[in-house]
Amino acid sequence: MDVDKAIENYDDLTEKVFSDQKWWGDGKFKATKLEGVIKSAVKDVTGDSESPLVENEEAGFSRT
Amino acid sequence: MNGNIPALFRTYQPRETPIECTIWEAARATSAAPTVFKRIEIGRGKQPFIDGGMGRNNPSLLVLEEAKKLFGARQLGCLVSIGTGQADIISIQKPGLFQQIIPTNIISALRLMTTDCEETHEEALKRFASLPNTYFRLNVEYGMEGIQLSEWEKLSSVEAHTVQYMKREEVDKKLTSLVAAIRAPRGQLTIEQLGMDKHLVNLNCDLTLLLSFSWASKQICTTHQKEQALSISSCIICWTNRHSQ
């Protein structure tokens, strides 16, 4: 993911996650919403939202 | 979970047993700041994680320790530390609606973070004192204090403050040396020679860190991505491109 795309994703993430405040329970914002946005960004880059963190040397994509 | 011992999420195979998880779990675990998001349990043992932001926002010394384990005998090119902006301690202390919503212990933690952030930076400065153009820290000094993490609608002000910071004469000079150090690193010492045993327990503070070594093009990046850090990196990259043309 290049820097421009990362900024675009971050803008999108903050708006989706922080515009909806929780009024009860653990944490002020919804963790499930955050998880959803992260998973979709991961899927865009690797093709699989459940990709493992440890990099596969042959995968050939950059996560930086 | 022991809050005093940091858990490191790595994208490469470490020598010790790795934390087995997916990318999204690692991202979630490093965002689980108490009172912001609930904690997450991951891995085989369902280990709970909270964000290191409450005590370890500046991982500069920690990343040096990691680099020492992995590449101790190699020469150090440079270390670039990027802050999320200087917090205004006085504005945190002001009573009012803010304090009614955010518990007092979080406010004292924020105050502690700012102090410890600068302490880690001071410690890094000392370690690199005899090595010119090796350690660089960028941190927007004014304007960010009124902006909270959740204020997504203020991202354009974050960008404006960052651009203002980058225009300053001393920052511009620092960037020139930084770009030169990344493009043509001159190894002066090995990581082991830097000597990084003392004070490691006291690591605390703010942000994203890029580590650039003369022998590797690969960057080690912490998973914290906050708005200021992102916009600074973007500016640096644009700036690097401009200067290399």
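Select helices α1 and α2 of chain A: α1(A) passes α2(A) in a right-handed crossing. A crossing is right-handed if the near helix is turned clockwise from the far one by less than a right angle, and left-handed if anticlockwise. The helices and strands are DSSP runs (helices H or I, at least four residues; strands E, at least two), numbered from the N terminus. The model is predicted: local features need pLDDT of at least 70, side-chain atom pairs count only at pLDDT 80 or more, and totals for chains, interfaces and linings use all residues. Residues are numbered from 1 along each chain as its sequence is written, while chains are lettered from A and ligands numbered from 1 in the order in which they are written.

**The helix pair of chain A**

Colour residues 3-18 (α1) and 31-46 (α2) of chain A; the axes of these helices come within 9 Å and cross at roughly 160°. Axes are lines fitted to C-alpha atoms, for helices over the stretch in contact, and angles run from 0 to 180 degrees between N-to-C directions.

Next, show the side chains that form the contact: A:Asn9, A:Asp12, A:Leu13, A:Lys16 and A:Val17 from α1(A), with A:Lys33, A:Leu34, A:Val37 and A:Ala41 from α2(A). Two residues are in contact if their C-beta atoms, placed from the backbone, lie within 7 Å. By class, this contact has 5 nonpolar, 1 polar and 3 charged residues. Here Ala, Val, Leu, Ile, Met, Phe, Trp, Tyr, Cys and Pro count as nonpolar, Asp, Glu, Lys and Arg as charged, and the others, Gly among them, as polar.

Chain A has 2 helices and 0 strands.

**Where the chains meet**

Now display both chains. Their contact takes 29 residues from chain B and 28 residues from chain A. On the side of chain B, α1 (23-29), β6 (216-221) and α8 (227-244) each supply at least two residues. The largest share, 6 residues, comes from α8(B).

**The cores**

Select A:Ile38, B:Ile23, B:Ala26 and B:Ala29, which have the most contacts inside the largest nonpolar core, a set of 23 residues. A nonpolar core is a set of buried Ala, Val, Leu, Ile, Met, Phe, Trp, Tyr and Cys residues joined through C-beta atoms within 7 Å. A residue is buried if 20 or more other C-beta atoms lie within 10 Å of its own, exposed if 12 or fewer, and partly exposed in between. Which residues does A:Ile38 contact, leaving aside its neighbours within four places in sequence? They are B:Trp24, B:Ala27 and B:Arg28.

Chain B has 8 helices and 6 strands, and buried residues make up 34% of its 245 residues.

Go to the loop between α5 (104-127) and β4 (135-138) of chain B and select B:Asn133. This residue has a positive phi of about 55° although it is not a glycine. B:Asn133 is partly exposed, with 15 other C-beta atoms within 10 Å.

Finally, select B:Gln193, in the loop between α7 (169-183) and β5 (208-213) of chain B. B:Gln193 is partly exposed, with 13 other C-beta atoms within 10 Å.
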